[in-house]
Amino acid sequence: MTTTQTQTATPSTLTPHPSIPKIPRGPVTATLNFYQPPPDASKPFNYVETPPPGHPQRNYSDKEQTLTIHDIRNREAEFNLNTHAFAAVQDVRSQADRVVFNDDDAIKRVYYPEVEALLLKATGAERILLFDHTIRLTSPGANRAPVNLVHIDQTAASTAQRVRFHLPEAEAEEALKGRYRIINVWRPLSPPIVAHPLAFADSTSVPDEAMVGIEHRYPDRTGETAAVKHTEGQRWWYWSGMEEGERLLLQCFDSEGGARVPHTAFVDPRSEKGAGRESIEVRALVFG
């Protein structure tokens, strides 16, 4: 069973397929941006849209850390949602072409049912509620660009808030008694991915103490995301050259097992100059 909601980031027009540059593969040394607290020790926040006059977009900053990011290519089967909080799915067939991804209504009509079917099969869940999607482009003027900051989209508090926001009161309270999760389904729109790939951390290597709740301020409400501090022993991965039929599942919260995946876009120093990225992530509440 699935339910869809209408919160979306309206896509900018996708560009025609460019010629394919060389695909960087294997481990890479790169810089990731981690959480740096506000200098006045105030509660960290960021505004989703334009902030009110006199307010910064966010009141915390970044701390760069250079580390090794390993490639899961040819190792996809080693990782799963329950332990690592990410999973790689291959050989996915889709009826959604590039024209579909230029229109929000078409995305919901054509692509959302595919995401529902994928998540039901991958998780064994009883119900999927798709609540929004975002298209990210590196092209100038794009509505949303890749996020170069280590984060997790939701926390325990904001996931429960999401359940109550999208479901009627009695239904929400019943759903919160069972297992509920938020999982993002991430895919390239102009494959293969050759620049600004997504890095994601093995959940077991990132302690809870590294997570910092961030007030995520919308115009009409306040949610919460998690920023992440760098700690020793974190294990970072990416999936080189993601193709048309590949999907990355990113688990942001799990009420049962607790596995959650810090993630971020990063600049791969091996990428050819001028290479860009086009991707879409669909976010889902997963019940059961």
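Predicted model: local features only at pLDDT ≥ 70, side-chain atom pairs only at ≥ 80, totals over all residues.

Trainee: OK, which ring does the charged end of arginine 221 sit over?
Mentor: One is the ring of phenylalanine 165, with the charged end of arginine 221 4.6 Å from its centre. The charged end of arginine 221 also sits over the ring of tyrosine 218, 4.3 Å from the centre of that ring.

Trainee: And rings with rings, how many aromatic pairs are there?
Mentor: The structure has 9 aromatic pairs. Take phenylalanine 45 and tyrosine 47: their ring centres are 5.5 Å apart and their planes are at 75°, so this pair is edge-to-face, the cut-off being over 60 degrees.

Trainee: Are those two buried or exposed?
Mentor: Phenylalanine 45 is buried, at 11% relative accessible area. Tyrosine 47 counts as buried too, with 13%.

Trainee: Which residues form an aromatic cluster?
Mentor: Phe79, Phe86, Phe200 and Trp237 make up one.

Trainee: Switching to pockets: what volume does the largest one have?
Mentor: About 1000 Å³. It is lined by 43 residues, and the closest to its centre are Asn46, Val48, Arg136, Arg144 and His216.

Trainee: What gives the most to that lining?
Mentor: Strand β6, residues 127–137, which contributes 4 residues.

Trainee: And how does the lining divide by residue type?
Mentor: Into 18 nonpolar, 13 polar and 12 charged residues.

Key: Residues numbered from 1 in each chain as written. Heavy atoms only, no water. Phe/Tyr/Trp six-rings, centres within 6.5 Å; stacked < 30°, edge-to-face > 60°. Buried < 20%, exposed > 50% of the residue type's maximum accessible area, 1.4 Å probe, protein only. Lys NZ or Arg CZ within 6 Å of the ring centre and 35° of its normal. 1 Å grid on protein atoms, 1.4 Å probe; cavity = no way out; pocket = protein on both sides within 12 Å on 5 of 7 lines; lining within 4 Å. Points joined across faces, edges and corners; volume = space filled by probe spheres on them. Helix = DSSP H or I, 4+ residues; strand = E, 2+ residues; numbered from the N terminus. Nonpolar A, V, L, I, M, F, W, Y, C, P; charged D, E, K, R; others polar.
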